[in-house]
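I want the linings first, then the volumes.

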Amino acid sequence: MKIGFIGTGVMGSSMAMHLDEELYVYNRTKEKAQSLIDNGAVWCDSPKYVAELADIIFTIVGYPTDVEATYLGEEGLLTNGRAGQILIDCTTSSPELAERLFEAGQAKGIEVLDAPVSGGDVGAKNATLSIMVGGNESTFKKVKPLFERIGSSVAYFGSAGSGQHTKMANQIAIASNMLGVAESLYYAKSAGLNVEKVLETIAKGAAGSWSLSNLAPRMLKEDFGPGFYTHHFLKDMKIALEEAEKMNIQLPGLSLAYELYDTLSDDIKQLTGTQVIYKMYKEN
C-alpha cells in the first residue's frame, strides 16, 4: 500500500511515523520532514507528486486556506488525483470546506474523508489520538485499520463535515477548560498554597481533565512550547464561533476564551502552545 502524508509539523511528523508502508511525504519546509526521510520516506516536491504516487493520502496542514490550496490548487491533490484514491484531511478546518472537498472528490471518483484529530503532540507521539471522521462510511471502514495505528479512539460521525463539527465540539470544551485550569493554578498560587500539591490532588477528583493533567504541569514549569500552537487554537475557535452564528446559537464561554487568547501578542500566538494563557494571568 502506498501512503502519502502532507504536513509534517508538530503533529504530522509523529503521526506519519506510525504508518510504516511505502510512504511519500511533502511539507512546505523540507527540514520538518527530514526525520521521516531518514527513516525511509520518499520526499515529494509538491502535493501533485504525492497524488501521482500514493493511493491513500493523509493531510494535516494549518488553516482552511492551506487545505483548499493543498486539495484544489494547481498542484493540489484533487486537481491531480485519480479515481480510486482516498484522501484523508486531519486538519481542523471548516465543515463547509469539508463538504466541498467531498463533492469535488465524488466528481472524479476520489473519496475524501474529514478526520480531524485531538490529543496534541503527546497523543501524536504515542498513537493515542482521538479521531473524528466524516464522509462515506464504507470508505471509513476501509481505512479504519490505518486510523487505529495513529489513534486509540476512532469514531465515524456521518456525512462529510461531520468530523469537523465533532472537532468543533471538542475545541469548545477545551476553550473554557483552559481558562479554568489557568485560573485554578493562579488562584492556588495567590493563596500561598503548594501549587504542585494542589494540582496533584484536584487532578484526581471531579476537576480532572486532559488539560489539567497534561498542560497544567507545563504551565507551572513555564514550559510554553507548542504541543498545539496558540494561533491554530484561535483559528479553531473562530471557526466554531462562525458555525455557531450560522446555527443562531450563543456560546459565551467560547467567546470569552477567544477574546482572551486574541489579546496575546502575535509573537506569542505564533511561537507558543495553548498553555501560555497562564502567563497572561501571572503578568496581569
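I started with the lining of the second largest pocket: by class it has five nonpolar, two polar and six charged residues. My classes: Ala, Val, Leu, Ile, Met, Phe, Trp, Tyr, Cys and Pro are nonpolar, Asp, Glu, Lys and Arg are charged, and the others, Gly among them, are polar.

Before going on, I note that this is a predicted model, where local features need pLDDT of at least 70, side-chain atom pairs count only at pLDDT 80 or more, and totals for chains, interfaces and linings use all residues. Numbering runs from 1 along each chain as its sequence is written, and side-chain values use heavy atoms, with hydrogens and water left out.

I worked on a 1 Å grid over the protein atoms alone: a cavity is a set of points where a 1.4 Å probe fits but cannot get out, a pocket is an open set with protein on both sides within 12 Å along at least five of seven lines, and lining residues have an atom within 4 Å of a point. Points join across faces, edges and corners, and volume is the space filled by probe spheres set on them.

Back to the second largest pocket: I get about 180 Å³. Of its 13 lining residues, Tyr63, Leu234, Lys235, Lys238 and Ile239 lie nearest the centre. Helix 13 gives the most, eight residues (helices are DSSP runs of H or I, at least four residues; strands are E, at least two; both numbered from the N terminus).

Next, cavities: I count one of 30 Å³ or more. The largest cavity has about 70 Å³, and Asp89, Leu97, Ala98, Leu101 and Asp114 are closest to its centre. Its lining divides into eight nonpolar, three polar and two charged residues.
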